[in-house]
Amino acid sequence: MKKVIELKKLSKNFRIHKREQGLIGSVKALFKREYKTIEAVKKVSFDIEEGELVGFIGPNGAGKTTTLKMLSGLLYPSSGNCQVLGFRPVERKYEFLKQISLVMGQKNQLWWDLPAIETFVLNKEIYEVSDEDYKEILNELAEMLDVKEVMHQQVRKMSLGQRMKCELIASLIHKPKVLFLDEPTIGLDVVMQKKVREFILEYNRKYKATVILTSHYMDDVKEICKRIIIIDKGVIVFDGSIEKLIKKYANYKVLIPIFNGKVDSERLTKIGEVIENNGIRAVIKVGRKEVPKKASELLHEFDVDDLDINEPRLEDVVREMFGKVTIRE
Amino acid sequence: MKKYWVFFKSELQRSFEYRGMLATWFLVELMGLVTVIFVWLAVYRDNLNVGGYDFKQMIFYYVLVPIVGVFTNVYISESLPKKIKDGVISAELIKPYNLKVKILVGNIAWRMVKLFIYMPIFVAMLAVVGYFFGISLSFGNAMIGFLVCFLVYFLHAFMDLSISYMAFWMDDVWALSHLKFIVLFMFGGMSFPLDLLPENLWKIFNFLPFKFIYFVPVSVLRGRLSSFEIGFQVVQLLAWIGFFHFLSEILFKLGLKKYEAYGN
C-alpha cells in the first residue's frame with residue numbers, strides 16, 4: 001500500500017507570554033514580558049497508508065489539533081518533516097490543497113448570510129470541479145446526508161446538525177483524497193453523530209479516501225477507525241488497533257451478571273472489583289486470566305439469571321491509560 | 001479566474017443583504033459632511049477667500065470627498081486582523097486560491113453596491129452645486145479622476161493589508177488601523193484640502209502616500225492639476241502601490257510562519 005502521510009520527528013513549539021494574575025500582573029507585563037516555550041508536539045513519527053481510517057485521540061491539549069494543522073499546511077513545524085501525498089504541506093501548493101480537506105467542528109466555512117448551496121457552488125469553482133462531477137457528487141452527498149431541501153436556506157437559519165452536514169458537503173465537493181476531521185461530531189445529538197459516522201465510513205469506502213479523525217467521543221473512534229494513534233503531552237503513546245490497545249493496557253475483562261434477587265456489593269467483592277451494582281445488575285472487573293474461574297464461581301454461588309463477559313470499553317481503557325501510562329519519548 | 005468571478009458574485013449577493021446597513025452608513029457620512037460645511041460657512045462669514053479657495057470651491061471640494069471615498073476608502077484592517085487573531089482565517093488558508101485577490105475582489109463588489117446605492121444622492125449633490133454655484137464636473141476630468149481613484153484603491157488596499165498582516169505578530173492592530181484613519185482624516189485631504197497646510201508641513205506630506213486617498217483624486221476631478229502634474233502624481237502613485245504591494249507580500253509570507261491558527 002502507498003504511504004499517503006509520513007511524519008518524521010515532527011515537533012511544534014509555541015512561545016507564549018506569561019503574565020501574573022490581576023491588575024498588578026498587567027502593569028508589570030507592560031514593562032517586562034516573560035515568555036515561555038511550550039512543546040505542543042514532540043518528535044512525532046508515524047505513517048498512514050492510502051485508504052486508512054485512523055483515530056487520533058488524546059486528552060485536551062495533547063497535540064492532536066496542532067498535528068492536524070501542520071499536516072494541512074496551516075502551521076509551520078518547529079522541526080522535523082512531514083509529507084502528505086508527496087507534498088510539503090507548508091508550501092501550500094494548489095495541487096496539494098486541491099486534494100485535502102480539513103473539517104474543524106467548531107469552525108465554519110459556510111457563508112453565514114447566504115444559502116449553503118452558494119458555498120457549494122463557490123467551492124466547485126475554487127477546486128475547479130467540472131459541472132458533471134459537481135452535480136453527481138452534490139446529489140450523492142446531499143442524499144446521503146439528507147439535506148436536499150435544507151441546503152437552499154440561509155445558513156444562519158440552520159440548526160447545528162444541518163450546518164455540520166452542510167460543512168461536510170462543502171469540504172467534500174472536490175472529493176479530497178485526504179480528509180482531516182477535527183471533532184466532526186462535536187455538539188451534535190446522538191442520532192446526528194451516528195449519521196455523520198456512517199457518512200464518513202461510506203465516503204471512505206467509496207472514494208478510498210485516507211481519513212484522520214480526532215474526537216472526544218469514543219463511539220466515533222470505535223465505529224469508524226481500525227487503527228488508533230494516541231497522543232499525550234505531545235508524544236505518541238500508542239499506535240495500533242483498538243483490540244491491541246485493549247489487550248495491552250487493560251489486563252482485565254468485565255463480568256456483567258443479572259441476578260434473580262438482590263445481591264450486596266460486599267458479597268461480590270470476592271469475585272472482583274465492583275464498578276457498579278444496583279442489586280440486580282452488577283459490573284465487575286476481573287483479571288483476564290481469572291475470568292473462567294471467577295465466572296464459574298459467580299454462577300455457582302449466586303442466583304444468576306444472565307451473564308455477559310465483555311472486553312472493557314475503549315473510553316475506560318483510554319481514561320485509565322492517561323491516568324497511569326508512562327510516556328515514552 | 002472563474003473562481004474570483006464567483007467570489008465577486010457571492011460578495012455582491014451578500015452586500016445586497018446588507019443594503020440597509022450601507023444606507024445607514026451613508027447617512028452617517030453625510031452628517032459628517034454637513035457638519036464640515038457648517039464649519040466652513042462660519043469661516044467664510046468674514047472671509048471671501050481661504051488659501052485660494054472661495055466658498056463655492058470649498059463646497060465643491062467637500063461634495064467630491066465622499067464620492068472619491070466610495071472608490072478609495074478601504075476597511076480591510078477593521079476585520080481581517082481579528083480573523084487572523086481568532087484563527088478564522090484558517091478555513092481560507094487551506095483553500096487553493098490567492099487570499100489577497102479574493103479580498104480585493106470581494107471589496108470591489110461591496111464598493112459597487114455602495115456606489116449603486118449612493119449614486120442618486122451623489123448626482124443630486126452635484127446637481128445642487130451646479131445649480132447654485134455654477135460649478136460642474138467636466139467629463140474629461142471625471143474620466144481621469146476615476147481612473148486615478150481606481151489606482152488609489154489598490155494603494156489603500158495594499159496599505160491596509162500590510163496593517164492587517166501585522167496581526168500575525170501583534171495582539172491587537174486596532175490602534176494601528178485607527179492611527180491610519182486619523183492620519184488620513186488629517187493628512188489625506190478628508191477634513192480639509194492639503195494645500196491649506198503650512199508650507200513646510202505640506203512639503204512633507206506631499207512626499208507621503210496619504211494625499212492620494214482624497215486630496216489628489218479630488219484635485220484631479222476639480223481640474224486643478226495640469227496634464228504634467230497628473231502624470232507626475234500617477235508615477236508617484238504607482239511607485240507607492242508597488243511598495244505597499246511588496247510590503248504586504250513579505251508580511252504575509254513571514255506572517256504565515258508565525259501564524260498560530262488559534263481556536264478549535
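Predicted model: local features only at pLDDT ≥ 70, side-chain atom pairs only at ≥ 80, totals over all residues.
**Chain A as a whole.** The chain contains 12 helices and 13 strands, and its C-alpha trace extends over about 70 × 55 × 45 Å along the principal axes. Of the 329 residues in chain A, 52% are buried. Among contacts in chain A with a separation of 6 or more, 71% join residues 24 or more positions apart.

**The surface and charges of chain A.** Colouring by charge brings up 57 positive and 50 negative charges, whose mean positions lie 7 Å apart.

**The domains of chain A.** Return to the cartoon and select residues 3–246, which the domain assignment gives as domain 1 of chain A. Then select residues 251–310, assigned as domain 2. The centres of these two domains, taken over C-alpha atoms, are separated by 42 Å.

**Glu92 in chain B.** Now turn to chain B and select residues 90–93, which form helix α5. Within this helix, select Glu92(B). Is Glu92(B) buried or exposed? Glu92(B) counts as buried because its relative accessibility is 14%, below the 20% cut-off.

Finally, show the surroundings of Glu92(B). Leaving aside residues up to four places away in sequence, Glu92(B) touches Lys83(B), Tyr97(B), Leu99(B) and Lys102(B). With Tyr97(B), there is a polar contact between the two side chains, at 2.5 Å.

How values were computed:
Residues numbered from 1 in each chain as written. Chains lettered and ligands numbered in written order. Heavy atoms only, no water. Helix = DSSP H or I, 4+ residues; strand = E, 2+ residues; numbered from the N terminus. Buried < 20%, exposed > 50% of the residue type's maximum accessible area, 1.4 Å probe, protein only. Contact = heavy atoms within 4.5 Å. Lys, Arg positive; Asp, Glu negative; His and termini not counted. Charge placed at Lys NZ, Arg CZ, Asp CG, Glu CD. Domains from an automatic or database assignment. Polar contact = N/O pair within 3.5 Å; in protein donor to acceptor, adjacent residues only side chain to side chain.
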